[in-house]
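Subject: Handing over a structure, with notes

Dear colleague,

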Amino acid sequence: MNRGRKKAITNVTGKIYCTIIYIFLFLPIIVIIVNSFNATTSKPYLTWKGFTLDWYGKLLENETLIHSFENTMVLAVTSTILATIVGTLAAVGMYKYKFRGKSAIDALLYIPVVIPEIVLGIALLTLFAKAEIPRGMISLVFAHVTFCIPYVIFNIRARLAGYDNSIEEASMDLGANRIKTFFFITLPVLAPGIGGGALLAFTLSIDDVIVSYFTNGQTMTLPLMIMESIKSGVSPDVNALSVLILLGTTLLVVLTQSGIFNRNKKD
């Protein structure tokens, strides 16, 4: 077998492999999009009965679904803000200062990441019960902040790996105090890491099921509502909401990537 034929076979095999991977990744999303336009009204809503936009109208009439989505967004945004603030301060503090027990704290950060979610959920449920913290939105926020903080810290620490402390020294030599230096020098340099950590925290929070199941009380989030509806079949209005969320996420990614592309082009 000559080299040209071997290269052609390799290229074809690579294309087939990539096609299979993309089908595996995107086929579930395509099914959700198609099913959101399905005119069927009989459970489990899987038989195609024609094209319709009615489910997008019925989505607005489903108060329970809309309320659960609102709870999910409030929870995700609140958890992301708190986790980003705490994670940023923790990452900068652990990078700048040496203190007793630093290595132990560093090791403990990996626990919420590596332990099974069901173990974390049970542990948080026990903690809230012992501390007499009522289960609801407050307990959900505490729980989500707990498992989001390490991811924020890890992203910022990756940014700090190439951080040049001399720019802070130059800022203070020019008359800026520590607070002004932190907000106008340190934070802009760490912004990509902070943004990446915040997006990751938001993603983890918005689709969490297991930890939320143990700590939600009577507060229903969208993932929990979808999980409960699986037994009887997920109705197309849920698929319609999923499509709208997908469009919003895609738009955010496009705007973010185009901003990064334009910035790199200018540089």
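What follows is a description of some helices and residues.

Please keep in mind that this is a predicted model, in which local features need pLDDT of at least 70 and side-chain atom pairs count only at pLDDT 80 or more, while totals for chains, interfaces and linings use all residues. Residues are numbered from 1 along each chain as its sequence is written, and side-chain values use heavy atoms, with hydrogens and water left out.

The UniProt record, an unreviewed entry, places the feature "transmembrane region" at residues 12-34, 73-95, 107-129, 135-154, 182-206 and 240-261; such annotations may be inferred rather than shown by experiment. In the model, the span 73-95 is 100% helix and 0% strand, with its end C-alpha atoms 32 Å apart, and the span 182-206 is likewise 100% helix and 0% strand, with its ends 30 Å apart. Helices here are DSSP runs of H or I with at least four residues, strands are runs of E with at least two, and both are numbered from the N terminus.

Helix α3 (residues 63-96) and helix α7 (residues 137-160) have axes, meaning lines fitted to C-alpha atoms over the stretch in contact, that come within 6 Å and cross at roughly 45°. The two helices are therefore oblique to each other, since angles under 35 degrees count as roughly parallel, over 145 as roughly antiparallel, 65 to 115 as roughly perpendicular and the rest as oblique.

Thr-88 lies in helix α3 and counts as buried, because its relative accessibility is 6% (buried means under 20% relative accessible area, exposed over 50%, and partly exposed in between, with a 1.4 Å probe and protein chains only). Leaving aside neighbours within four places in sequence, Thr-88 is in contact (heavy atoms within 4.5 Å) with Val-152, Ile-156, Leu-187 and Ile-194.

Phe-142, which is found in helix α7, counts as partly exposed at 47% relative accessibility.

Finally, Ser-212 is found in helix α10 (residues 210-215) and is buried, with a relative accessible area of 1%. The side chain of Ser-212 makes a polar contact with the side chain of His-144 at 2.8 Å; a polar contact is a pair of N or O atoms within 3.5 Å, where, within protein, one must be able to donate a hydrogen and the other to accept it, and residues adjacent in sequence count only if both atoms are side-chain atoms.

Best wishes

How values were computed:
Axes fitted to C-alpha atoms, helices over the stretch in contact; angles between N-to-C directions.
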